[in-house]
Amino acid sequence: MFKNAIVRRPGHSLVNGITSTPELGKPDYGLTIKQHDAYIGALRFCGVEVTVLQADERFPDSCFVEDVAVCTKKFAVITNPGASSRKGEEKVIIEVIKKFYNNLEYIKEPGTLEGGDVMMVGEHFYIGLSKRTNREGAHQLIEVLKKYGMSGSIVETSEMLHLKSGLAYLEDNILLVTGEFINNLEFKKFNKIMIEEEEIYSANCIRVNDYVLVPAGSPETKEKIKAAGFKVIVVDTSEYRKVNGGLSCLSLRF
Ligand code: GLY
């Protein structure tokens with residue numbers, strides 16, 4: 001069960017966020033705010049207490065709070081983002097994380113790691129190697145996990161921005177999976193829900209207590225998740241998609 005979530009309001013500077021899809025255009029500020037309100041509403045509906053941080057215009061991507069911390073049952077890790085324009089975001093999340101956690105750990109240079117590359121499955125954490133997370137960062141996280149009696153393993157990635165751009169663990173051994181991860185033997189043991197190329201963005205869903213949040217515009221994914229027995233809430237994140245953002249990276253849940 002998740003009791004808490006942390007989100008950060010998007011700033012006007014979100015239009016300068018990192019994007020791999022400039023053809024989608026720039027986010028519309030008014031709509032980003034409306035969609036953020038709806039996202040917070042969905043988290044609250046799922047029974048989560050949401051801490052809302054003010055926008056920080058210095059960091060265009062800082063509403064994507066998931067990348068700057070990894071929150072577990074026993075401890076939190078402040079990460080070291082691999083994207084140069086995101087360096088410093090991790091420092092401005094520390095104070096609020098300290099309110100919830102006594103045990104704080106840090107990813108240190110030359111290690112880089114972003115939370116979007118970390119997928120929690122019970123007490124095991126899959127860590128994707130990406131342009132943002134390097135081997136050193138992944139090893140540092142694995143050492144921290146061992147210290148607290150947990151474990152981690154490395155997943156090579158080649159196409160996705162982050163590990164969780166192509167994977168979502170819905171609990172109960174059910175994994176949403178797309179693209180390069182479909183045939184990855186690391187995930188052999190899971191019951192898989194395959195996401196087709198046309199709806200690739202919707203592989204980034206989140207299970208929040210009794211519900212799965214699914215991005216708008218992915219009818220097949222929604223039906224597949226419902227058919228697997230989950231209750232679904234559809235949330236529109238079209239403006240965040242324009243800057244590589246999705247449902248998971250908009251919050252820290254713990
Ligand atoms: N714009 C979010 C990211 O690429 O990190």
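1. Ground rules. The model is predicted, so local features need pLDDT of at least 70 and side-chain atom pairs count only at pLDDT 80 or more, while totals for chains, interfaces and linings use all residues. Residues are numbered from 1 along each chain as its sequence is written, and side-chain values use heavy atoms, with hydrogens and water left out.

2. The sheet. Three strands form an open sheet in the order β2-β1-β15, with mixed pairing. The edges are β2 (49–53) and β15 (252–253); each has a single partner strand, so one side of each lacks a neighbour in the sheet. Strands (E, at least two residues) and helices (H or I, at least four) are DSSP runs, numbered from the N terminus. Two strands pair if DSSP finds at least two bridges between them.

3. β1 against β2. Strand β1 (residues 4–8) runs parallel to β2, and five bridges join them. Asn 4 has Glu 49 as its bridge partner in β2. Ile 6 stands opposite Thr 51.

4. Burial of β1. Five of the five residues of β1 are buried, so the strand is largely enclosed by the rest of the structure. Buried means under 20% relative accessible area, exposed over 50%, and partly exposed in between (1.4 Å probe, protein chains only). Asn 4, Ile 6 and Arg 8 lie on one side, Ala 5 and Val 7 on the other.

5. Helix over sheet. Helix α1 (residues 29–45) lies across β1, β2 and β15. It runs at about 175 degrees to β1. Axes are lines fitted to C-alpha atoms, for helices over the stretch in contact (heavy atoms within 4.5 Å). Angles run from 0 to 180 degrees between N-to-C directions.

6. Ligand site. Residues surrounding the ligand include Ile 18, Asp 61, Phe 64 and Arg 132; the cut-off is a heavy atom within 4 Å. A polar side-chain atom of Asp 61 is 2.6 Å from a ligand nitrogen. A polar backbone atom of Ile 18 is 2.9 Å from a ligand nitrogen. A polar side-chain atom of Arg 132 is 2.9 Å from a ligand oxygen. The protein covers 98% of the 200 Å² of accessible area that the ligand has on its own (Shrake-Rupley method, 1.4 Å probe).

7. Gln 140. This residue lies in helix α3 (residues 135–147). A polar atom of the Gln 140 side chain lies 2.7 Å from the backbone nitrogen of Lys 108. Leaving aside neighbours within four places in sequence, Gln 140 is in contact with Tyr 106, Ile 107, Lys 108 and Gly 111.

Conventions:
Polar contact = N/O pair within 3.5 Å; in protein donor to acceptor, adjacent residues only side chain to side chain.
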